[in-house]
Amino acid sequence: MYGSEIAERIGERRGSKPTPGTIYPALKKLHRKGLIRYTKEGKRKVYRLSSQGEKELEKAYIDFSRYFYGLKKQIRRDRLP
């Protein structure tokens, strides 16, 4: 996706669209870390997850799921008499 498309998607999920001053420095940092890559289409850049970025995303998903699964179990225990 283009940077502007990424900002739009974030805006749809969060309810507010990040500014270019927020989104482009974040994309630059992700690129420096090797988590995304881009190709040029004319003057625009098309951003994609790198293979390292895909691995990190999968790891984050697993960590997130484990944390909230554990929290869900804890909440259920707290409700028991």
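Gly15 comes directly after helix H1 and has a positive phi, near 95 degrees. The model is a predicted one. Helix H1 itself covers residues 3-14, 12 residues in total. From its first C-alpha to its last, H1 reaches 16 Å, close to the 16 Å expected at 1.5 Å a residue.

Four residues of H1 are buried: Gly3, Ile6, Ala7 and Gly11. They lie on the same side of H1, because the arc they cover around the axis is only 140 degrees. The cover over these buried residues includes H2 and strand S2 (44-49). On the face of H1 turned away from the buried side sit the exposed residues Glu12 and Arg13.

Helix H2 spans residues 20-32 and contains Thr22. Thr22 is 15 residues from Ala7 in sequence, and their C-alpha atoms are 9.3 Å apart in space. With a relative accessibility of 47%, Thr22 counts as partly exposed.

Charged side chains are the next topic. Side chains of opposite charge can pair when their charged atoms come close. With a cut-off of 4 Å between side-chain nitrogen and carboxyl oxygen, the model has 2 salt bridges. One joins the side chains of Glu8 and Lys17, at 2.9 Å from N to O. Glu8 is partly exposed, at 41% relative accessible area, and Lys17 is also partly exposed, at 49%.

Asp63 and Lys59 form a salt bridge too, with 3.5 Å between the closest N and O atoms. Both residues belong to helix H3 (residues 51-79), where they are 4 residues apart, about one turn of the helix. Asp63 is partly exposed at 37% relative accessibility, and Lys59 is partly exposed at 48%.

Definitions and conventions. Residues numbered from 1 in each chain as written. Predicted model: local features only at pLDDT ≥ 70, side-chain atom pairs only at ≥ 80, totals over all residues. Heavy atoms only, no water. Helix = DSSP H or I, 4+ residues; strand = E, 2+ residues; numbered from the N terminus. Buried < 20%, exposed > 50% of the residue type's maximum accessible area, 1.4 Å probe, protein only. Expected span 1.5 Å × (residues − 1). Arc of directions from axis to C-beta. Contact = heavy atoms within 4.5 Å.
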